[in-house]
Amino acid sequence: MVAQLVSPAVLGLETSTVEVEVDLRAGLPAFSVVGLPDAAVQEARERVRSGLANQAFAVPARRIVANLAPADLRKAGPQYDLPLALAILCASGQLAAGALARVGAVGELALDGSLRPVPGALAMAEHAARRGWRRLVVPRGNASEAALVPGVEVLGPPTLRAAVDLLEGRTEPSLVRLDAAALLAGGGRAPGPDLAEVRGQAAARRALEVAAAGGHSMLMIGPPGGGKTMLARRLPGLMPPLSLDEAIEVTRIHSVAGLLDAGCPLVTRRPFRAPHHTISPAGLVGGGRSPRPGEVSLAHRGVLFLDEVCAFAPSALDSLRQPLEEGRIDVARAMVSARFPARPLLVCAGNPCPCGFDGDPIRRCVCPPGRAEAYRARLSGPVLDRIDLHVAVSRLARDEVLTAEPGEPSATVRERVAAARRHAAARGREGPNAQLAPDAARRAAGLDGRARALLGRAVDRLGLSARAHDRLLRVGRTIADLAGEERVGEHHLAEALGYRLPVTDGGAVAA
Ligand SMILES: Nc1ncnc2c1ncn2[C@@H]1O[C@H](COP(=O)(O)OP(=O)(O)OP(=O)(O)O)[C@@H](O)[C@H]1O
Ligand SMILES: [Mg+2]
């Protein structure tokens, strides 16, 4: 007898349906899997045999032939263990014939027959709901994530035996639908690190506020111990909370990467990713045989922080150029390709030279001649050109070091940021100013005569690229939004221009 059920497959963020068929034939006991399975799917045979036996099911003493269709789609990973086991049980009469009608299943089997979670369960549940499947069986560890999706009944058994009991109606499903909106409202409230802990650094704090209000990328250069890392970590807390759609979008990416923790099915806070400087280009933008999202996608809608940016391999930094421009990344491999969204706010920080004190008014730089320039040259021009706000973070002054006075708290800054975003949204466009198209930026800026004259002088004297010009307008627009002004005036543009001055020529130049 042939038994059949469906299983969702995820490639990148795209989903498809795999039909799992099992036939039991006369002959010597054997178990073969066909349909372009990879090594992990081939190994499913051993896990399924042990899982069945250890959950007190009979392993049919027949020739078991399993087919995964469509045959041209590559089947990867151990996620087909559970559907294979269920189909074998159904084909051998150990599971009621109708129990698998319009039922999807996915999950890895342990040798004792318990179920291990698989990556991508959120996208799989969305697929099940779109296709109108009646039920989706997932391992207990994936259940709450899948239960975020309305429109499909999610069963989350801990073992194969529990799955059969649920499917045959001997036990009642215990899972209730999770309300994503309520989770988001609850989870978003937990406080992160607060800006009140940062003393001094008025210029950098202001730049942080502009970055949060307009979604502008940022570079902080300065001597060690000034608070660059500290400031960057506080940026997500200044940005507006994730909307429900954004939270689901971010969760989907983290789920595919297998990074969700079981107790917290929804990503409720803007991600903050700070990869180490030894990371490879593939780690940064994504890759692998079955493509996985890289840090630039894991930081989508949040902050991607490159600390000690001059120590990153230039090839890794350059790999960011295309995704940062387009807001997405296509990861192409020999047989497959996948697309991931990639719209993080990029924040870079670093020292002006290897010893850290080039340009410092008091401490002398001890780097050999030419070393500082070579160090900074690792940040290529095209990468620098993509950064909106260049800020020098100098050492704290004596009084600032010694003061016990707390700085302005994050909550106050967050309110101003929210007001600026509302002001921008009133122009009727979605998304932060940093994503304005060039002509939209020009229209939104509405420069007056004096501002236009200043812009002209800046293009002449600083040799601004067309991209830098557009970015300047967007930053000017955000500064005017923070001030609640309709048009970008000369002083807004002047502040924006200050952020384009090269701080990499010795830490304190633009301070
Ligand atoms: N402006 C500041 N206000 C309060 N504490 C600060 C400030 N700057 C630095 N500190 C203290 O110094 C520690 C180190 O700061 P941080 O790591 O942010 O410096 P950094 O500029 O990133 O240095 P590096 O260039 O070495 O990475 C912080 O954990 C904090 O305790
Ligand atoms: Mg640091």
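Q: Let's start with the ligand. How many residues surround ligand 1, and which are the closest?
A: Happy to begin there. In this predicted model, ligand 1 is surrounded by 14 residues. The closest are Arg 199, Gly 225, Lys 228, Thr 229 and Asn 351.

Q: Which side chain has an N or O atom 2.7 Å from an oxygen atom of ligand 1?
A: Lys 228 does, through an N or O atom of its side chain. Thr 229 also places a polar side-chain atom 2.7 Å from an oxygen atom of the ligand. For Glu 308, an N or O atom of the side chain is 3.1 Å from a ligand oxygen.

Q: Now the helices. How do α2 and α3 pack?
A: Two packed helices are described by the angle between their axes and by the distance between those axes. Here α2 (residues 44-54) meets α3 (residues 81-91) at about 55°, and the axes are 10 Å apart. That angle makes α2 oblique to α3. Their crossing is right-handed.

Q: Which residues make that contact?
A: From α2 come Ala 44, Arg 47, Val 48 and Leu 52, while α3 supplies Asp 81, Leu 84, Ala 85, Ile 88 and Leu 89. By type, 7 are nonpolar, none are polar and 2 are charged.

Q: What should I look at in the backbone around Ala 56 and Pro 70?
A: Look at phi for the former and omega for the latter. Ala 56, in the loop between α2 and β4, has a positive phi of about 60° although it is not a glycine.

Note on methods
Residues are numbered from 1 along each chain as its sequence is written. Chains are lettered from A and ligands numbered from 1 in the order in which they are written. This is a predicted model: local features need pLDDT of at least 70, side-chain atom pairs count only at pLDDT 80 or more; totals for chains, interfaces and linings use all residues. Side-chain values use heavy atoms; hydrogens and water are left out. Axes are lines fitted to C-alpha atoms, for helices over the stretch in contact, and angles run from 0 to 180 degrees between N-to-C directions. Helices (H or I, at least four residues) and strands (E, at least two) are DSSP runs, numbered from the N terminus. Angles under 35 degrees count as roughly parallel, over 145 as roughly antiparallel, 65 to 115 as roughly perpendicular and the rest as oblique. A crossing is left-handed if the near helix is turned anticlockwise from the far one by less than a right angle, and right-handed if clockwise. Contact means heavy atoms within 4.5 Å. Ala, Val, Leu, Ile, Met, Phe, Trp, Tyr, Cys and Pro count as nonpolar, Asp, Glu, Lys and Arg as charged, and the others, Gly among them, as polar. A residue is near a molecule or strand if one of its heavy atoms lies within 4 Å of it. A polar contact is a pair of N or O atoms within 3.5 Å; within protein, one must be able to donate a hydrogen and the other to accept it, and residues adjacent in sequence count only if both atoms are side-chain atoms.
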